[in-house]
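Please consider the model shown below. The paragraphs that follow lead through its salt bridges and one of its sheets.

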Amino acid sequence: MSRRAPRTRAAFVALAAATLLAGCTQDATPSTPGPAPSAAAPLPAGAPTPQGMLLTADFGGDTVTFVDPERGAVASVPVGRAPYALAVGADGLAWVATAEDVAVVDTRARVRVARIPYRTATGPVTDGEYRGGGMGIALSPDGARAYVGVNVPGTTGVLEVLDTATREVTAVVPVGRRPFDVDVSRDGAEVYVTGHDSFDVTVVAAGPLSTRRIEVAPYGTEAGLGSWLKPHYTAVRPSDGKLLLPFEGERLAVVDPRTGRTTVEPMTADTHQHGAALTADGRLLVVGTGAVRPGGGRGPSLTVRSPDGTERVHPLEGPHEDVAVSRDGRTAYVTGGHSRDGYWNGITVVDLDTGATRRLPAGTRPLGIAVL
């Protein structure tokens, strides 16, 4: 398989200057037309939500959408403007980070049961990638706390800690700029906040809420806010607790949160990368969104990386953003509501055994996704 020359710092400083402060393109518009609206029959009101249903955060609307993995969208629930990500607990409650607040949805009954305002002022409620409000969100292993990364336009972000029993914000912790992703260690002792525009992961001790900053910049930081080479999403490796951050289908930053040390492993997809998830057997799934400029890399894809570092790269049609894995670990669900150069209103279903793909209609510009 042919490979172009690896990206250099100087080349991307020049690219950043040409694109001003793009980071990821300012205006996302639909790319190729997505699938037609779902013909699936809606779930009857009052009927319980079947296990294995998908739930998406509809960044282009104000809803979360329930998606049958065989038939497409079957129900939606209003949650607030521009929902970005969501986390679902064992009790069936989904915690949804929107531009306005954190919405709580009973996924079994398909109703919104609460909206929890942020303690942090984020400016006017707007849409788009640079909007203020919640971005990454995660739950503690015991479900007692929700952690949401809140973007504050023009400055550093915060992590807001919610008590899930009282449904109130109990603490606010400074973190990096534009907290794309929030993850929690397996034992719940630490929270990891990925700062897209500050090239870092903030490690937050869950008890005292003390913080440590780890710079994660395998290409350097010279281009600053205009760089394309920033961290996006993080996966926490269960075997050793290390953080996995993919960059450009070329480099995987492996961060030890205890020491702050980063090692870099090669990747092969040669594409700008966003969402990441792990299967139960340790495979890393990474969403490739496509080249950042014509001729600057390969198209959209899903990388399946085994624990030994070998990779299979499955091409995808059109931009995508995030990924979730079926309970049996054989199927990946990749959202089409990309935040950069376009999007489509659906999900690509990828058979991880064969690489076969099919497309499902979903909500409006779906970003975050969970398997119920």
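**Salt bridges and a sheet**

A network of salt bridges joins E129, R178, D197 and K230; a salt bridge here is a side-chain nitrogen of Lys or Arg within 4 Å of a carboxyl oxygen of Asp or Glu. The whole structure holds 19 salt bridges. The model is predicted, so local features need pLDDT of at least 70, side-chain atom pairs count only at pLDDT 80 or more, and totals for chains, interfaces and linings use all residues. Residues are numbered from 1 along each chain as its sequence is written, and side-chain values use heavy atoms, with hydrogens and water left out.

R115 takes part in a salt bridge with E100, at 3.2 Å from N to O. This pair links distant parts of the chain, 15 residues apart: R115 belongs to strand β7 (residues 111-117), and E100 to the loop between β5 (93-97) and β6 (101-106). Strands are DSSP runs of E of at least two residues, numbered from the N terminus. R115 also forms a salt bridge with D101, with the closest N and O atoms 3.0 Å apart. Since R115 lies in strand β7 and D101 in strand β6, the pair ties together parts that are 14 residues apart in sequence. D101 is buried at 8% relative accessibility, whereas R115 is partly exposed at 33% (buried means under 20% relative accessible area, exposed over 50%, partly exposed in between, with a 1.4 Å probe and protein chains only).

Elsewhere, an open sheet of 4 strands runs in the order β8-β9-β10-β11 with antiparallel pairing; two strands pair if DSSP finds at least two bridges between them. β8 (133-139) and β11 (168-174) are at the edges with a single partner strand each, so one side of each lacks a neighbour in the sheet.
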